[in-house]
Every structure is written in structure tokens, then in C-alpha cells.
Amino acid sequence: MDNPEDGRILRHMMVEHDILIVGGGLNGPALALALAQAGHSVCVIDALNEKVRKNAAFDGRSYALALASQRLLAAIGVWDKVADKAQPMLEIKVTDGHAGDGPSPFFMHFDHAEIEEGPMGYLVEDRHLRRAFLDTMAEVDGITQLDGKTVVAQTVNQGGVTVTLDDGTTLTGKVLVGCDGRRSGTAERAGIKRTGWAYGQTALVCAIAHDLPHHGIAHQFFMPPGPLAILPLTGNRSSIVWSERTDVAEQINALDDQAYLQVLRPRFGDFLGEIRLEGQRFTYPLDLTIANSFVADRLALVGDAAHGMHPIAGQGLNAGLRDVGALAETLVLAARRGEDIGSQLVLERYQQWRRFDTATLAMATDVFNRLFSNDNPLLRLGRDIGMGVVGAVPRLRRNFVREAAGLTGDLPKLLQGRPI
Ligand SMILES: Cc1cc2nc3c(=O)[nH]c(=O)nc-3n(C[C@H](O)[C@H](O)[C@H](O)COP(=O)(O)OP(=O)(O)OC[C@H]3O[C@@H](n4cnc5c(N)ncnc54)[C@H](O)[C@@H]3O)c2cc1C
């Protein structure tokens with residue numbers, strides 16, 4: 001960011017909002033709600049207008065939300081709007097194999113009955129979650145939503161930060177939060193570099209209707225080109241996240257619906273009976289991108305802007321919602337103590353809380369993807385033995401279930417379902 005200090009004595013600027021949030025995707029609205037409900041004035045700016053984001057065909061993803069993320073959504077008033085459309089995730093089955101071979105004899109099976117808290121999490125479709133965020137923001141005092149406006153510049157001033165929109169409007173706040181996704185312009189304009197690489201894989205995503213019930217079981221099949229996740233949705237429906245080498249994914253995606261299903265069937269198997277496509281098909285190129293710092297002068301990064309990771313473990317949004325809980329708690333407590341919420345001291349607390357954890361998680365998804373997305377017989381043997389051990393030792397299994405439910409580590413209050 002530019003600092004216009006030029007030797008003159010600068011007065012503290014008058015700010016219009018406590019917090020400016022760039023990005024009204026998923027993490028931006030969650031943060032806005034957490035902060036506004038604690039009495040802060042927030043402005044959320046998104047380049048896309050609300051009508052586009054509320055369109056049911058805008059994004060085909062369904063999110064495996066950990067129990068802790070569900071608690072945050074309940075605490076900020078969003079859960080009631082999606083609860084009847086959310087599918088509890090009761091079990092996870094992980095297998096290793098080839099398309100058409102069926103699962104290998106080595107597999108891991110995790111059951112929510114191993115923990116007392118309830119389901120490990122819930123599957124929620126983007127079309128419901130995004131709309132619920134936007135509708136809840138409209139009901140809460142203290143949030144200004146600016147849609148169809150792109151942030152093109154940002155400047156740190158004495159006591160505040162100014163952003164400029166593409167129509168020339170300027171807005172001021174005490175702190176700027178970049179929730180603007182994997183290619184965060186907010187981070188780039190602040191001079192924050194990123195570490196990462198493309199995977200050469202693309203995720204094919206769609207909803208599938210099937211004849212037999214899924215019983216709330218999520219499946220992860222590891223196959224040499226990449227993992228296939230089959231995630232239970234309400235009714236006899238599942239969402240798939242099917243990773244293939246990008247050139248192969250492009251060929252598959254160019255097929256008509258029947259030919260696409262023909263390629264999917266041997267990978268999917270017949271355990272859910274006959275399968276049909278439901279709705280549109282989507283593709284997402286996969287990469288790893290971690291910001292080298294989560295904070296800068298009067299700036300914090302949250303969600304994919306801080307850490308975009310492989311969807312292999314379905315953890316990207318869950319990690320973002322942990323950032324939301326941690327940053328909201330850090331800023332709210334600092335304000336209560338009379339501290340400047342944009343000061344380096346305060347923002348550094350957020351970075352200390354989240355950066356190491358998230359970088360470790362992102363790297364773990366990277367290692368997992370490399371370990372499982374190949375056909376090396378030695379690696380296969382090693383990972384099958386590993387899966388057999390984890391699946392057979394009750395304490396390891398229980399730890400995994402608690403991890404999947406997001407109940408481990410230093411949990412922000414909102415993720416414990418408690419107000420800040
Ligand atoms: C195939 C796939 C499956 C996944 N499944 C799961 C899962 O099961 N569970 C899970 O936890 N996670 C999952 N994830 C990860 C999850 O989708 C992301 O972590 C999440 O969508 C990130 O949300 P975000 O709000 O941080 O960013 P985004 O959703 O990218 O939002 C960024 C917003 O910023 C706006 N913006 C950008 N630049 C500007 C600007 N200059 N001015 C104004 N606005 C701007 C954009 O318009 C956009 O609305 C998955 C990811 C993929 C690819």
C-alpha cells in the first residue's frame with residue numbers, strides 16, 4: 001500500500017466504516033455478519049451484482065461443512081435459512097482403487113457415533129448457502145452492501161485506509177479485509193507475495209440423482225488421476241467432485257450428458273443403483289496458493305485470499321470460516337479494550353492464530369494429493385498399510401472424526417457456538 005506521508009503533520013482521518021471487506025463470496029458475508037452483530041459498521045464490496053450471485057446456476061459446488069462451521073453459521077444467524085436443505089454427514093468411507101475395479105480391500109471407515117457431539121458435519125449446496133448469506137446480511141443493521149463494484153486501489157492513511165472503486169468512489173475504514181478469493185487483488189496491491197503451484201488437475205463437479213439411499217455416507221475414492229468424492233445431499237442425490245488431469249477433464253467435459261455418465265459410471269460404481277445427472281455440470285481448475293503473510297498495514301486476508309487449497313479433504317471453506325471466527329474475535333475484543341483495530345499489534349494476533357495452522361493444512365492437502373493421485377506400487381502399498389492402521393486403531397479413528405468435525409485446535413468462540 002502507498003503511504004502518503006510526505007513530511008507534513010497528518011491529522012487522523014475520519015472513517016465512514018469500521019471495517020471494509022472486499023469480496024462478498026462466502027467468507028466475506030460470514031465475517032460481515034459476525035462483526036456487525038458485535039456492533040461494528042461494515043461495508044462489503046463485490047464485483048458481481050447480487051442477482052448474478054443469487055442465481056441457482058452460479059456455482060455448482062456443495063460444501064462439506066464441519067460441525068464447527070455449522071456452529072458458526074448458527075451463531076451468525078445463517079443456519080436457520082439452510083437447515084432444512086442440509087444433509088447430515090454421518091459416516092465417511094475412504095478407499096483406494098482403479099476405475100472399474102471396485103474398492104481395494106484396504107479402506108478407512110469413520111462413523112459419527114465415535115463422538116458425542118452429533119454428525120461430523122453437513123452438506124450444503126452453494127445455491128442455498130450463498131443466498132442465505134445475502135438475505136441475512138440484508139436483515140442485519142450495520143452492513144452496507146455495494147454490489148457490482150470492483151475495488152481498484154487502496155491506500156493507507158493516518159488512522160485509516162481508503163479504497164477506490166472502479167466508478168471512482170472512495171470509501172474509508174479503520175481496517176481493510178481481503179475476502180476476494182484465490183487471486184486476491186487486495187493482497188497483491190499490498191505487496192503480499194504468494195507461494196503455490198497449479199496441480200494440472202481440474203475438478204469436474206455436478207449433482208447426481210441415484211436410485212438407492214446414501215444413508216448420509218460420504219465416499220472418497222482415491223484413483224491414480226485424482227480423487228473422486230461422492231457427497232450425500234438431501235434426498236437420493238449426491239454431489240461429486242471428480243478430479244482428473246486437466247486435458248482429460250476437458251475432454252470429458254466436452255462430452256454430452258450420456259457420454260459423460262458413461263465415463264463416470266465405472267468410477268462411481270453401482271452401490272447407489274442407477275445414476276442420472278441432475279442440473280448443470282461445472283469445472284474448477286485446481287491449484288495451491290498461500291499468501292506469504294495474512295496481514296499488512298491495516299489489512300488482513302481471510303479465506304481463499306489467504307489460502308486456496310486442493311479440495312481433496314473438503315477443507316477450504318471450513319478453514320476460511322475459522323479465519324472468520326478468529327479475525328472477528330480478535331477485532332471485537334481489541335475494540336472492547338479500546339485498541340485501534342487496524343493496528344499492527346492487533347492484526348498480528350490474528351496472523352499468529354491462523355497462519356501456521358492454515359499453511360500446515362494446505363500443505364497436508366498437497367501431500368495427500370501427491371501421495372494418492374498416482375499408481376506407484378510402492379506408494380500404493382504404503383498408503384494402503386497406512387489406511388489399514390488408521391482404520392484399525394480406535395484412538396486414531398476417533399481423532400480423525402474429531403478433525404473432520406473441526407473440533408480440534410484453538411477454536412474461536414463462534415465455532416464453539418458461543419457469542420464473542
Ligand atoms: C471443487 C471444489 C470443491 C470444494 N469443496 C469444499 C468443501 O466441500 N468444503 C469446504 O470447506 N471447502 C470446499 N471448497 C473450497 C471453497 O469452495 C472455497 O474455500 C470458498 O469458496 C472460498 O470462498 P471465499 O469467500 O474466500 O472466496 P470466493 O468465493 O472466491 O469469493 C471472492 C469474492 O470476491 C469478489 N472480488 C474479487 N475481486 C474483487 C474486487 N477487486 N472488488 C470487488 N470484489 C471482488 C468476487 O466477485 C467473489 O465474489 C471447494 C473448492 C473447490 C474448487
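Lys 81 counts as partly exposed, because its relative accessibility is 25%, where partly exposed lies between buried, under 20% relative accessible area, and exposed, over 50% (1.4 Å probe, protein chains only). The side chains of Lys 81 and Glu 139 form a salt bridge with an N to O distance of 3.1 Å; the term means a side-chain nitrogen of Lys or Arg within 4 Å of a carboxyl oxygen of Asp or Glu. This pair links distant parts of the chain, with Lys 81 in helix H4 and Glu 139 in helix H5, 58 residues apart. Helices (H or I, at least four residues) and strands (E, at least two) are DSSP runs, numbered from the N terminus. Glu 139 is exposed, at a relative accessible area of 54%.

The model is predicted: local features need pLDDT of at least 70, side-chain atom pairs count only at pLDDT 80 or more, and totals for chains, interfaces and linings use all residues. Residues are numbered from 1 along each chain as its sequence is written, and side-chain values use heavy atoms, with hydrogens and water left out.

The structure holds 27 salt bridges. One of them joins the side chains of Lys 54 and Asp 135 at 2.7 Å, N to O. Lys 54 lies in helix H2 (residues 50–54) and Asp 135 in helix H5, 81 residues apart. Lys 54 is buried at 19% relative accessibility, whereas Asp 135 is partly exposed at 25%.

Helix H3 (residues 67–75) has buried residues at Leu 67, Ala 68, Ser 69, Gln 70, Leu 72 and Leu 73. They pack against S3, H4, S7, H5 and H9, with contact meaning heavy atoms within 4.5 Å. Just after H3, Gly 77 has a positive phi of about 85°.

His 40 sits in the loop between helix H1 (27–37) and S2. At 10% relative accessibility, His 40 is buried. Its side chain makes a polar contact of 3.2 Å with that of Asp 18; such a contact is a pair of N or O atoms within 3.5 Å, and within protein one must be able to donate a hydrogen and the other to accept it, while residues adjacent in sequence count only if both atoms are side-chain atoms.
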